[in-house]
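I opened the notebook for a friendly look around this model.

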Amino acid sequence: MFHGSQQKIKSKLLEGIKNADSRIITVSGESGIGKNLVLRSTINELKNAKLIWLMGTCTQVTQLSPFGYFQDVLLNFFNINKSNFLIIDIRRIFYSNLQN
């Protein structure tokens, strides 16, 4: 069972999914409010619907590279193990070379 805020998130999510004009739905909010739980529950509930789910997480790691969020979405979609994914922060290398 969901808390009040989680139920509101799920209601808005289902409302957006049922709206024929909705093509992309973004769920965002503070850490720990249950976004992931609501999304996974909704995906499970609608598993027989003809929907494509693309999910990504914006983290400190994905923020290091341009379009890091979209990289995370593609890694999840193609089920690529993230531990095999190398992220190099070129900005640090570039700026440290400028200072030397």
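Entry 1. I looked up K10 and found it in helix α1, residues 4-18. Helices here are DSSP runs of H or I with at least four residues, numbered from the N terminus. A note on provenance: this is a predicted model, where local features need pLDDT of at least 70 and side-chain atom pairs count only at pLDDT 80 or more, while totals for chains, interfaces and linings use all residues. Residues are numbered from 1 along each chain as its sequence is written, and side-chain values use heavy atoms, with hydrogens and water left out.

Entry 2. Is K10 buried or exposed? K10 is buried, because its relative accessible area is 7% (buried means under 20%, exposed over 50%, partly exposed in between, with a 1.4 Å probe and protein chains only).

Entry 3. I then checked the partners of K10. Beyond four places in sequence, K10 touches F2, V38, S41, T42 and E45, contact meaning heavy atoms within 4.5 Å.

Entry 4. I followed F2 next. Its contacts beyond four places in sequence are Q7, K10, L37, V38 and S41.

Entry 5. Last, I visited F78, in the loop between α3 (68-77) and α4 (90-99). F78 is exposed, since its relative accessible area is 54%.

Terms used
Helices (H or I, at least four residues) and strands (E, at least two) are DSSP runs, numbered from the N terminus.
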